[in-house]
Amino acid sequence: MKFHVVVVLVACLILACHIDTCMAANSEGFSVSEINAPTFERMKGKSYKDNCPIPLTDLRYLHVLHKDIDGVTHEGELICNVRIADDVLEIFKALYEAGYPIERVSLVDDYGADDETSMRDNNSSCFNFRFISHTTKISKHGLGLAVDINTLYNPYVKEVDGKRIVEPATADEYTDRSKDFRYKIEKGDLCYKLFTERGFEWGGEWKTVKDYQHFEVSDEVARELYPDYR
Ligand SMILES: [Zn+2]
């Protein structure tokens with residue numbers, strides 16, 4: 001092979017590698033993958049309890065980037081149902097690109113799968129096998145079909161036997177939705193739009209209970225996937 005041909009080939013190779021690296025950098029930070037053994041080790045006995053009826057193959061691990069209120073980029077990770085994995089990835093990508101503030105996105109397993117602790121830390125998350133508070137019904141989080149965003153500032157509020165319950169318990173000051181404060185989700189904001197455009201319901205629009213942090217698929221979709229879901 002002539003010398004100049006070799007030079008051209010090497011130059012092409014270097015250029016191709018460079019383009020490859022650039023493309024990888026652009027999509028870097030956002031990915032969906034199956035639950036691997038190390039991830040399952042983190043979940044086992046925590047978000048993925050022994051009585052969990054959802055096969056592990058129905059769940060996906062998402063790696064995302066997000067920006068906090070100061071515009072600082074952080075890495076985040078979520079587990080959700082395969083049915084919504086691509087939608088949730090796209091939503092987080094759009095929120096990141098728009099600089100919509102999200103403080104923390106960690107697996108609930110990092111909090112021992114304790115929802116209250118995770119919410120007090122303003123953590124955003126999805127899968128956690130559990131029942132709806134104060135009921136025996138499996139929460140859509142138990143199916144990986146609901147996402148909670150900025151949980152401390154967007155609490156769950158319910159009346160039980162005349163008593164007002166706020167979760168997390170430290171979020172009382174954020175139940176007054178007429179006030180303005182950071183990380184607040186409002187009807188019509190970007191987070192609301194991205195989720196509802198893809199068919200999610202917002203708990204902030206429910207009548208008897210208010211769950212301002214919560215976006216979930218409809219009961220119909222849940223039953224399509226899990227006919228026993230009631
Ligand atoms: Zn929720």
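Predicted model: local features only at pLDDT ≥ 70, side-chain atom pairs only at ≥ 80, totals over all residues.

Biologist: Thanks! How many helices and strands are in the protein chain?

Modeller: The protein chain has 6 helices and 9 strands. It has 230 residues, and 33% of them count as buried.

Biologist: What makes histidine 141 count as buried?

Modeller: The cut-off is 20 or more other C-beta atoms within 10 Å. Histidine 141 has 24 C-beta neighbours inside 10 Å, so it counts as buried.

Biologist: Where is histidine 141 found, and which residues does it touch beyond those up to four places away in sequence?

Modeller: Histidine 141 is in the loop between helix 4 (115–120) and strand 4. Leaving out residues up to four places away in sequence, histidine 141 touches Cys126, Phe127, Asn128, Arg130 and Ala146. There is also a distance to look at: 9.7 Å separates the C-alpha atoms of histidine 141 and serine 47, although these two are 94 residues apart along the chain.

Biologist: What share of the contacts in the protein chain with a separation of 6 or more comes from residues 24 or more positions apart?

Modeller: Those residues account for 59% of such contacts.

Biologist: Let's turn to the core. Which residues have the most contacts inside the largest nonpolar core?

Modeller: They are Leu78, Ile79, Cys80, Val88 and Cys126, in a core of 40 residues. At least two residues of this core come from each of strand 2 (59–67), strand 3 (73–81), helix 3 (82–98), strand 4 (146–148) and helix 5 (190–197). Helix 3 gives the largest share, 6 residues.

Biologist: Which residues are in contact with isoleucine 79, leaving aside its neighbours within four places in sequence?

Modeller: Isoleucine 79 is in contact with Met43, Ser47, Leu59, Tyr61, Leu107, Cys126, Phe127 and Gly144. For a contact, the C-beta atoms must lie within 7 Å.

Biologist: How do you know that strand 2 and strand 3 pair?

Modeller: Pairing needs at least two bridges. Strand 2 and strand 3 are joined by 9 bridges and run antiparallel. One example is lysine 67, whose bridge partner in strand 3 is threonine 73. The two strands form a hairpin with 5 residues between them, and glycine 71 in the turn has a positive phi of about 80 degrees.

Biologist: And how many bridges join strand 1 to strand 2?

Modeller: There are 4 bridges between strand 1 (residues 31–34) and strand 2, and these strands run antiparallel. Serine 33 has tyrosine 61 of strand 2 as its bridge partner.

Biologist: Why are strand 6 and strand 8 said to stand at the edges?

Modeller: Their open sheet has 3 strands in the order 6-5-8, with antiparallel pairing. Strand 6 (163–167) and strand 8 (210–211) each have a single partner strand, so one side of each is left without a neighbour in the sheet. Strand 5 (residues 156–160) pairs with strand 8 over 2 bridges, in the antiparallel sense. In one of these strands, tyrosine 156 has aspartate 211 of strand 8 as its bridge partner.

Biologist: What puts the buried residues of helix 5 on the same side?

Modeller: The buried residues of helix 5 are Cys191, Leu194 and Phe195. They cover an arc of only 90 degrees around the axis, which puts them on the same side of helix 5. Their cover includes helix 3, strand 7 (201–202) and strand 9 (214–216). Just after helix 5, glycine 199 takes a positive phi of about 90 degrees.

Biologist: What is the phi of asparagine 122, and why does asparagine 122 count as buried or exposed?

Modeller: Asparagine 122 has a positive phi of about 60 degrees although it is not a glycine. It is found in the loop between helix 4 and strand 4. With 21 C-beta neighbours inside 10 Å, asparagine 122 reaches the cut-off of 20 and therefore counts as buried.

Biologist: What about asparagine 150?

Modeller: Phi of asparagine 150 is positive too, near 45 degrees. Asparagine 150 is in the loop between strand 4 and strand 5. It has 25 other C-beta atoms within 10 Å, so asparagine 150 is buried.

Biologist: Finally, which kind of peptide bond joins glutamate 167 and proline 168?

Modeller: A cis peptide bond, with omega about 0 degrees. Proline 168 is in the loop between strand 6 and helix 5.

Notes
Residues numbered from 1 in each chain as written. Core = buried A, V, L, I, M, F, W, Y, C linked by C-beta atoms within 7 Å. Buried ≥ 20, exposed ≤ 12 C-beta atoms within 10 Å, placed from the backbone. Contact = placed C-beta atoms within 7 Å. Arc of directions from axis to C-beta.
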